[in-house]
Amino acid sequence: MKIQIKPLVINLAVSLGTGGLSALGSMNAMKTYGELNQPPLAPPAIVFPIVWTVLFLLMGISAYLICIRPSPYQIRALVTYGISLVFNFLWSILFFNASLFLFAFFWLIALWILIIVTIFLYHKIYPKAAWLQIPYLLWVTFAGYLNFMIYLLN
C-alpha cells in the first residue's frame, strides 16, 4: 500500500493540533496538577505530554487509515472520532482551568464511550486502525481513575 502523504499530513495535523491547542488552553495544567492531592499510581507531570504526544500520533495514523479506505461506515467513524477530539480538548479546560473535577469525570466517561464507538466503527472498516485506538482507550481509562480520585481527594 502506497502512503498518501496529503491525507496523512492532514490527519496528523488534526490530531496533534488538537493536543497542541489543548496544551495551550490549559497552560498551567502541570502546575495545577502538582498542587493537587494525588492518588496512588499518579505519574509525575512530565509523563503526560509524552504519553499524549504518542497517543495523538496513533490517533492521527488511525484516522488516516480510515480516510483512505472507502466504506459505508467511513463518515460516521470519522465524525465520531472528530467529536471525541472535541471532548478530549474540552476535558483539560474543564479539569485544569475550571477545576470542575466531578463534571470533568462525567465528561471523560462520555469521551470513553466515544472512543469505544470509534473503535467499533474503525474495526468494521480496517481492524488495524481500530487497534491503534486501544492505547488511547486505556489511557483515558487510567485518566478516569486519576480524575475521580483527584475529585475525592480535593
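A charge sits over a ring if NZ of Lys or CZ of Arg is within 6 Å of the ring centre and within 35 degrees of the ring normal. The model is predicted: local features need pLDDT of at least 70, side-chain atom pairs count only at pLDDT 80 or more, and totals for chains, interfaces and linings use all residues. Residues are numbered from 1 along each chain as its sequence is written, and side-chain values use heavy atoms, without hydrogens and water.

**Exercise 1.** State over which ring the charged end of Arg 69 sits.

*Solution.* The ring is that of Tyr 126, and its centre lies 3.5 Å from the charged end of Arg 69.

**Exercise 2.** Classify the aromatic pair of Trp 52 and Phe 56.

*Solution.* Step 1: rings of Phe, Tyr and Trp (its six-membered ring) pair if their centres lie within 6.5 Å; planes under 30 degrees apart count as stacked, over 60 as edge-to-face and the rest as tilted. Step 2: the whole structure holds 16 aromatic pairs. Step 3: the ring centres of Trp 52 and Phe 56 are 5.4 Å apart and the planes stand at 35 degrees, so this pair is tilted.

**Exercise 3.** Classify the pair of Phe 95 and Phe 96, and determine whether Phe 95 is buried or exposed.

*Solution.* Step 1: with 4.9 Å between centres and 80 degrees between planes, Phe 95 and Phe 96 are edge-to-face. Step 2: buried means under 20% relative accessible area, exposed over 50%, partly exposed in between (1.4 Å probe, protein chains only). Step 3: Phe 95 has 2% relative accessibility and is therefore buried; Phe 96, at 13%, is buried.
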